[in-house]
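Me: Please walk me through the helix packing and the nonpolar cores of this model. Keep it brisk.

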Amino acid sequence: MCAGFPDFRLGNVLATSFTGTLSERHGKAVERIPTPHRLIDWLAVSGLTVDSCTTAQLDRARELRESIHAAATAAALQDALPASAVQVINDCSAQGRAAAILTPEGKRRWQLSSASCVEDALSVIAADAISVIAGERDGKLALCASPTCQAAFFDTSQSRTRKWCDMNTCGNRQKKARFHANQRNNPRSAE
């Protein structure tokens, strides 16, 4: 990864991992794709390698990211999906020329057009978002319990009661805060 940029937070669901390229939305926001090249990096680690990216394509990617986040948040709260977000997701889904390919290992991989353009990669992300938001997968959309994060994530745990978008970041941060609060309130428990 490029030095000087925050690490990517990758999950098992492409669409919600993409929304995680902007984290701490309700605190001190962390932009993980601040430049076109950084979007190329994220797409590559997500199996969607592209040759280049313009500033306009980065802007479109961020618009898709925010639309997915808005729609996933509404779905997690069982609210009506924002029409403008739905429109952006549908438009991006229809613009690409990607094909699902079955690997010899029995996995699905996406093959982008020979030009390997950002629009093709965004269409794959949009199609993944449609699948998740439409309820076509086993799991449920949820929002991170961290008050500064509140990222949308796809909960595939058996009980569907996962609280954090990522246990290694938000979950640990909340557990540490609770531990330190308990230590301040009960100093003798440290003995």
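**Helix packing and cores**

Reply: Helix α4 (residues 83-95) and helix α5 (residues 118-133) pack at an angle of about 130°, with axes 7 Å apart. Axes are lines fitted to C-alpha atoms over the stretch in contact, and angles run from 0 to 180 degrees between N-to-C directions. Helices are DSSP runs (H or I, at least four residues), numbered from the N terminus. This is a predicted model: local features need pLDDT of at least 70, side-chain atom pairs pLDDT 80 or more, while totals for chains, interfaces and linings use all residues. Residues are numbered from 1 along each chain, and side-chain values use heavy atoms, without hydrogens and water.

Me: How is α4 oriented to α5: parallel, antiparallel, perpendicular or oblique?
Reply: The angle is about 130°. Under 35 degrees is roughly parallel, over 145 roughly antiparallel, 65 to 115 roughly perpendicular, and the rest oblique. That makes α4 to α5 oblique.

Me: Which residues touch the most other members of the largest nonpolar core?
Reply: A nonpolar core joins buried Ala, Val, Leu, Ile, Met, Phe, Trp, Tyr and Cys residues through side-chain atoms within 4.5 Å. Buried means under 20% relative accessible area (1.4 Å probe, protein chains only). This core has 29 residues, and those touching the most other members are Phe18, Leu39, Leu64 and Ile125.

Me: Which element gives the largest share of this core?
Reply: Elements giving two or more residues are α1 (14-19), α2 (36-45), α3 (55-76), α4 and α5. The largest share is seven residues, and it comes from α5.

How values were computed: Buried means under 20% relative accessible area, exposed over 50%, partly exposed in between (1.4 Å probe, protein chains only).
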